[in-house]
Amino acid sequence: MFAAADHEFMARALRLAARGLYSTTPNPRVGCVIVRDGAVVGEGWHRNAGEAHAEINALQSAGDRARGASVYVTLEPCCHHGRTPPCSDALIAAGVSRVVAALHDPNPQVAGRGLARLAAAGIDCECGLLEQDARELNVGFFSRMTRGRPWVRVKMAASLDGKTALESGASQWITGPAARADGHRWRARACAILTGSGTLADDDPQLTVRGVDSARQPLKVLVDSRLEVPLDARLLAGGKVLIAGAIDASTRETKAEALRALGAEIVSLPAAGGRVDLPALLAELGRRGINELHVEAGARLSGALLAAGLVDELLLYLAPCLLGDAARGLFALPALESLESKHALTMRDVRLVGSDLRLIARLGSARR
């Protein structure tokens with residue numbers, strides 16, 4: 001049974017963890033608070049992958065005051081050597097008396113062993129405080145560790161009648177500046193941004209994060225079955241780019257070499273009908289340490305992801321306008337034979353962003 005003070009200190013640790021929202025990938029966002037005699041004596045969070053974990057930063061902040069103290073951490077302390085030494089060993093050496101973790105680490109290298117090592121050293125260990133809040137903060141990390149693929153969030157901007165562009169493809173701008181700025185914050189927290197060749201042809205997007213205080217740019221991923229991307233496309237102008245094709249790059253060696261010369265990497269993932277194998281692409285991104293995948297694509301690619309059961313969350317901005325029946329819709333999906341076959345959604349958040357309505361909804365299989 002956790003006391004009110006326990007909730008207060010873990011909530012503080014979660015706020016610290018959120019400071020790493022844009023910077024910790026592929027690692028989880030973790031915060032830590034050290035308390036002695038009811039007062040905070042040290043705190044820290046994981047800032048960047050490869051640097052000290054939250055527990056280490058908190059222990060350095062606390063110094064000798066950590067001895068006999070309680071530690072509140074948003075994820076089970078690690079017990080293996082990665083790019084940094086085990087945090088569980090550091091906590092034992094510091095002489096802490098109690099460790100409260102929000103939830104167990106899904107990484108198979110940890111998965112309960114971190115807390116077990118602490119308990120074996122005589123430290124009082126508890127787990128499960130504000131578990132759901134901690135899981136939400138690292139929903140992509142949990143997805144990659146448990147499913148081998150990133151959490152897929154599809155972002156779309158549409159009119160109130162569900163249209164994303166005019167019949168001609170023109171779509172800039174349906175939503176207002178506040179919604180577009182908010183969209184960049186969602187881009188910034190993602191490890192990669194994905195689009196398709198259709199959106200590339202219509203909008204020539206940069207796929208970069210702008211207007212957000214973040215030193216990191218997500219990986220740009222282009223689904224381009226036949227390697228038709230123009231060499232002067234803006235997404236090739238800077239930053240890492242991964243192009244997923246459905247043909248052997250050697251069949252278009254001149255084009256492939258030109259793309260590589262611009263810094264792009266090409267992977268061939270063929271599926272039936274000359275399309276890219278989307279489940280294989282997500283598995284490949286998972287192997288590359290991609291936790292959250294932010295999708296900004298057209299109706300065909302977004303519909304293909306949805307139809308394949310690969311979409312976890314929708315981030316939808318609805319503008320107070322109407323574009324009419326001839327305009328382009330949100331998803332290209334096969335016709336349903338009955339309402340029982342509909343794609344069920346669970347609303348997670350509804351709010352105004354500027355003059356636009358922002359909806360966050362999850363597919364039936366991704367309600368957590």
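Is Glu228 buried, exposed or partly exposed? Glu228 is partly exposed, with a relative accessible area of 44%. The model described here is a predicted one.

## Salt bridges

Glu228 has a charged partner: its side chain meets that of Arg226 in a salt bridge, with N and O 3.2 Å apart. Arg226 is likewise assigned to the partly exposed class, at 47% relative accessibility.

Three of them are set out below.

| Pair | N to O distance | Burial |
|---|---|---|
| Arg98 and Asp6 | 3.1 Å | both buried |
| Arg189 and Glu292 | 2.9 Å | both buried |

The side chains of Arg98 and Asp6 meet at 3.1 Å, N to O. Arg98 belongs to strand E4 (residues 98-101) and Asp6 to helix H1, so this pair ties together parts of the chain that are 92 residues apart in sequence. Both residues are buried.

In the salt bridge between Arg189 and Glu292, the closest N and O atoms are 2.9 Å apart. This pair links distant parts of the chain, with Arg189 in helix H7 and Glu292 in strand E12 (residues 292-295), 103 residues apart. Arg189 and Glu292 are both buried. They also take part in a network of salt bridges that links Arg29, Glu136, Arg153, Arg189, Glu292, Glu313, Arg348 and Arg362.

## Helix H7

Helix H7, the element that holds Arg189, covers residues 177-189. Its 13 residues should span 18 Å at 1.5 Å a residue, and the C-alpha atoms at its ends are 19 Å apart, which agrees. The buried residues of H7 are Ala179, Asp182, Gly183, His184, Trp186, Arg187, Ala188 and Arg189.

## Aromatic rings

The structure holds 2 aromatic pairs. In one of them, the ring centres of Phe9 and Tyr72 are 5.4 Å apart and the planes stand at 45°, so the pair is tilted. Phe9 lies in helix H1 (residues 4-17) and Tyr72 in strand E3 (residues 70-73), so the pair ties together parts 63 residues apart in sequence. Phe9 is buried at 9% relative accessible area, and Tyr72 is buried at 3%.

The rings of Phe141 and Phe142 form an edge-to-face pair, because their planes stand at 85° with the centres 6.5 Å apart. Phe141 is buried, with a relative accessible area of 5%, and Phe142 is buried with 7%.

Trp45 has charged groups over its ring. Arg19 lies over the face of Trp45, 4.7 Å from the ring centre, and the charged end of Arg47 sits over the ring of Trp45 at 4.1 Å from its centre.

In soluble globular proteins, nonpolar side chains tend to be buried together. In this model, the largest nonpolar core has 39 residues, of which Ile34, Val96 and Val99 touch the most other members. H1 gives the most to this core, with 6 residues. Apart from neighbours within four places in sequence, Ile34 is in contact with Ala39, Val40, Val41, Gly42, Ala58, Leu59, Ala62, Ala66, Ala69, Ser70 and Val71. A second, separate core of 35 residues includes Val152, Val295, Ala297 and Leu305.

## Loops and backbone features

A cis peptide bond, with omega of about 5°, joins Thr25 and Pro26. Pro26 lies in the loop between H1 and strand E1 (31-36).

Asp37 is not a glycine, yet it has a positive phi of about 55°. Asp37 lies in the loop between E1 and strand E2 (39-45), and it is exposed, with a relative accessible area of 78%. Leu207, also not a glycine, has a positive phi of about 60°. Leu207 is found in the loop between helix H8 (197-203) and strand E9 (219-223), where it is buried at 1% relative accessible area.

Glu337 occupies the loop between strand E14 (328-329) and strand E15 (345-353). Glu337 is exposed, with a relative accessible area of 82%. From Gly114, Glu337 is 223 residues away in sequence and 50 Å away in space, C-alpha to C-alpha.

How values were computed:
Residues numbered from 1 in each chain as written. Predicted model: local features only at pLDDT ≥ 70, side-chain atom pairs only at ≥ 80, totals over all residues. Heavy atoms only, no water. Helix = DSSP H or I, 4+ residues; strand = E, 2+ residues; numbered from the N terminus. Expected span 1.5 Å × (residues − 1). Buried < 20%, exposed > 50% of the residue type's maximum accessible area, 1.4 Å probe, protein only. Phe/Tyr/Trp six-rings, centres within 6.5 Å; stacked < 30°, edge-to-face > 60°. Lys NZ or Arg CZ within 6 Å of the ring centre and 35° of its normal. Core = buried A, V, L, I, M, F, W, Y, C linked by side-chain atoms within 4.5 Å. Contact = heavy atoms within 4.5 Å. Salt bridge = Lys/Arg side-chain N within 4 Å of Asp/Glu carboxyl O.
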